[in-house]
Amino acid sequence: MQGRALAHRARSQDVTIHDSRVTAHDYMAEALGLAVDASAHGDVPVGALVVRNGQVIGRGANRTLRDQDPTAHAEILAIREAAQALGTWRLDGCELFVTLEPCAMCAGAIVLARLDRVTFGAWDDKAGMAGSVGDLLRHPRLNHRPEVASGVLADECGAELQRFFGVRR
């Protein structure tokens, strides 16, 4: 892995979430439940939640195969639901919890939605855009850069992905 990606990983792990690691684990556990549901329907097991003031306002689980829609990633679906719940596309004051490091499409949506923070579980060394392949979330030329935290329930999130792909290989 490139040195720059390693530096991003080290820096992102220092972010405090809602003053309590337990709360972050609780949200990630719920997102992991959504990921398991996606897997049961044949989709890659990724789940996501948008949280504002301690309340879940958006949920999503990958539906790309079910919907035959390449944009139906868990993060996109959770962001859409949250925007609808708030009646605005600006998700200021919101945090996204997702079981896998966001891809380029999802990272772009996160930036455009103005989410304050992103917390993810497992790293994605093939497509991750929060430090693995690149770092779109914290790109210095973009007008919005959310805080990023990683590794919350990483082992559990990674194990679900390994189970899913192990069956298909």
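D67 is partly exposed, at 35% relative accessibility (buried means under 20% relative accessible area, exposed over 50%, partly exposed in between, with a 1.4 Å probe and protein chains only).

The model is predicted: local features need pLDDT of at least 70, side-chain atom pairs count only at pLDDT 80 or more, and totals for chains, interfaces and linings use all residues. Residues are numbered from 1 along each chain as its sequence is written, and side-chain values use heavy atoms, leaving out hydrogens and water.

A salt bridge is a side-chain nitrogen of Lys or Arg within 4 Å of a carboxyl oxygen of Asp or Glu. By this rule there are seven salt bridges, including those in the table.

| Pair | N to O distance |
|---|---|
| R63 and D67 | 2.9 Å |
| R117 and E147 | 3.4 Å |
| E160 and R163 | 2.8 Å |

R117 lies in strand β4 and E147 in strand β5, so this pair ties together parts 30 residues apart in sequence. R117 is buried at 17% relative accessibility, whereas E147 is partly exposed at 40%. E160 and R163 are three residues apart in helix α6, separated by about one helical turn; E160 is buried, with a relative accessible area of 9%. Salt bridges that share partners join E95, R117 and E147 into one network.

Helices (H or I, at least four residues) and strands (E, at least two) are DSSP runs, numbered from the N terminus; two strands pair if DSSP finds at least two bridges between them. Five strands form an open sheet of mixed pairing, in the order β2-β1-β3-β4-β5. β2 (55-61) and β5 (147-149) stand at the edges, each with a single partner strand, so one side of each is left without a neighbour in the sheet.
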